[in-house]
Amino acid sequence: MQSKAMKAVRIGKAKENEFVVDDPYVSRCHARLVKNDNGELFIEDAGSTNGTFVNGDRVLRKRISLADTVMLGERYTLNVRDALKYDNDYSEEFAALKQVYDSYIREKIRIQSSNQFKTRLFQSLPFAFVGIAGLIIGLVGKSHQPLVIVSLVLAVCAPTLGIYLGARQSAKIPELLQNIANQFKIDYVCPKCGAFLGEIPWESLANKKQCPVGTCRAVWVKK
């Protein structure tokens, strides 16, 4: 069964094209990008003077991917991704950022709560040994001098040990948070211009409808 073709993106020098190219070797109506219902992408030459080329071969119609090199005429390399986004609509890519933001917040909370629990555990655990030692001494009496000495050592060392272990665990938190923040800065960006969106909740950004960067203005949410 032949797949149904979607609306083509017309490419050329003429202003009526969806994607206008200002190049002397590109015809007024040079080519068309067509994406069918199966997601397959095709480049079609529209009777251009200087031809349409895919990876160096002149074509009339050819299935392509974003990795292919598409030339219009002798020297213009077509950015297929930009041509597909001729209407500046990045709403689909922006919607995917909600998962990026939600995952970051969940992981941030998990790291903070988990490490706070471990910190308190390490700080309090040594004192439990002191209590146990005191209980044993109470049961066997003070005549067992070695146990008395051990309990005294624990009483002196336990607080220091607890503070050390707690501080060591706390020291891990900034590094863990920094690691996920570094990845977040890579992933949570405008899908067009790549500007980092900060830690602003996705819902708040969605209310803006488009990227605030003047040279970008990518559409995030269709009106």
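Among contacts in the chain (heavy atoms within 4.5 Å) between residues at least 6 apart in sequence, 44% join residues at least 24 apart. The model is predicted, so that local features need pLDDT of at least 70 and side-chain atom pairs count only at pLDDT 80 or more, while totals for chains, interfaces and linings use all residues. Residues are numbered from 1 along each chain as its sequence is written, and side-chain values use heavy atoms, with hydrogens and water left out.

**Chain**
- The chain has four helices and nine strands, taken as DSSP runs numbered from the N terminus (helices H or I, at least four residues; strands E, at least two), and along the sequence they follow the pattern β-β-β-β-β-β-β-β-β-α-α-α-α.
- Of the 223 residues of the chain, 32% count as buried, that is, under 20% relative accessible area with a 1.4 Å probe and protein chains only.
- Carbon and sulfur atoms hold 57% of the accessible surface of the chain, which comes to about 14,100 Å² by the Shrake-Rupley method with a 1.4 Å probe.

**Largest pocket**
- The largest pocket has a volume of about 620 Å³, where a pocket is an open set of points on a 1 Å grid over the protein atoms alone, reached by a 1.4 Å probe and with protein on both sides within 12 Å along at least five of seven lines, and the volume is the space filled by probe spheres set on the points.
- Its lining (residues with an atom within 4 Å of a point) comprises 19 residues, of which Lys35, Leu84, Lys85, Asp89 and Glu92 lie nearest the centre of the pocket.
- Strand E3 (31-35), helix H1 (80-84) and helix H2 (91-140) each give two or more residues to this lining, and H2 gives the most, with three.
- By class, the lining has nine nonpolar, one polar and nine charged residues, with Asp, Glu, Lys and Arg counted as charged, Ala, Val, Leu, Ile, Met, Phe, Trp, Tyr, Cys and Pro as nonpolar, and the others, Gly among them, as polar.

Technical notes:
Buried < 20%, exposed > 50% of the residue type's maximum accessible area, 1.4 Å probe, protein only.
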